[in-house]
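Here are some exercises to work through with the model open beside you. Try each task before you read its solution.

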Amino acid sequence: KFADEAICIGPSESSKSYLNMPAIIAAAELTNADAIHPGYGFLSESSKFSHICAENGIEFIGPPPETIDSMGNKSKAKETMKNIGVPIIYGSDGLITNIDHAYIEAEKAGYPIILKASAGGGGRGMRIVEKKEQMENSFKTAQSEAQMSFNNGDLYLEKLIEKPRHIEVQILADSHGNVVALGERECSIQRRHQKIIEESPSSAVTDDIRKQMFDAAINGAKSVNYLGAGTIEFLMDPNHNFY
């Protein structure tokens with residue numbers, strides 16, 4: 001309604017529109033746009049798209065390609081956080097390459113486990129597997145959903161944390177290396193892994209845990225030269241351990 005111009009970039013299916021890089025760049029060039037905001041999800045976590053914007057002299061509203069590479073991909077992000085001492089959930093070391101690999105990693109972690117899309121977000125490409133017999137169907141479903149939603153079917157596996165709280169810390173980072181944590185939000189009330197309501201501050205987070213979370217979030221952002229607004233997300237178990 002309020003845009004000065006609107007350009008059609010394709011049909012409603014995201015893989016043919018909001019994930020279609022040539023169409024978005026063409027729309028930007030057609031309108032002489034200086035910058036592109038890639039939206040929520042979609043190409044906001046694509047280092048390739050950030051790189052293409054730079055090549056075309058268009059400002060990508062988000063982090064540089066190197067940062068997205070280390071943080072946008074969930075399995076890489078886990079590795080990055082582990083290396084700087086942020087606690088992470090036990091799970092596969094990197095991606096699950098096939099169903100046999102999934103069985104092996106699930107046995108190591110112990111059921112129940114959760115399969116997650118590495119390029120994903122918003123609860124898509126995620127499946128809980130409570131026993132071995134459910135693995136094959138869950139693996140195929142999560143993989144195809146990830147491919148359809150993110151154009152990337154890569155999965156990784158984690159031990160399922162039961163009755164978790166979803167706590168996220170909002171950070172802002174500038175291009176001079178300054179990072180601040182603006183507070184935490186609790187997003188535990190969800191439907192289909194999508195948050196329905198956010199509460200801030202969280203009633204479950206003590207001052208001590210809050211400081212630890214903020215420190216972990218700031219250190220994590222600094223370690224990858226993060227730029228812009230972002231969220232470092234944590235799961236907290238019933239014993240107040242966070243990952």
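**Exercises on charged pairs and a pocket**

**Exercise 1. Decide whether K211 is buried, partly exposed or exposed, then find its salt-bridge partner.**

Step 1. K211 has a relative accessibility of 53%, so K211 counts as exposed, the cut-off for that class being over 50%. Keep in mind that this is a predicted model.

Step 2. The partner of K211 is D215, and their closest N and O atoms lie 2.8 Å apart.

Step 3. D215 has a relative accessibility of 35%, so D215 is classed as partly exposed.

Step 4. Now look at the helix: K211 and D215 both belong to α7 (residues 207–223), and because they are 4 residues apart, about one helical turn separates them.

Step 5. While you are looking at salt bridges, find the network in which shared partners join E168, R185, K195 and E198.

**Exercise 2. Work out which strands are linked by the salt bridge between E158 and K116, and whether its two ends are buried or exposed.**

Step 1. A search of the whole structure gives 14 salt bridges. In one of them the side chains of E158 and K116 meet, with an N to O distance of 2.9 Å.

Step 2. E158 sits in strand β5 (residues 155–159) and K116 in strand β3 (residues 113–117); the two are 42 residues apart, so the pair links distant parts of the chain.

Step 3. Buried means under 20% relative accessible area. E158, at 5%, is therefore buried, and K116, at 15%, is buried as well.

**Exercise 3. Describe the second largest pocket and what lines it.**

Step 1. Its volume is about 390 Å³. The lining has 17 residues, and those closest to the centre are I7, I9, Y18, I24 and A27.

Step 2. Finally, assign the lining to elements. Both α1 (21–30) and β1 (35–36) supply at least two residues, and α1 gives the most, with 3 residues.

Key. Residues numbered from 1 in each chain as written. Predicted model: local features only at pLDDT ≥ 70, side-chain atom pairs only at ≥ 80, totals over all residues. Heavy atoms only, no water. 1 Å grid on protein atoms, 1.4 Å probe; cavity = no way out; pocket = protein on both sides within 12 Å on 5 of 7 lines; lining within 4 Å. Points joined across faces, edges and corners; volume = space filled by probe spheres on them. Salt bridge = Lys/Arg side-chain N within 4 Å of Asp/Glu carboxyl O. Buried < 20%, exposed > 50% of the residue type's maximum accessible area, 1.4 Å probe, protein only.
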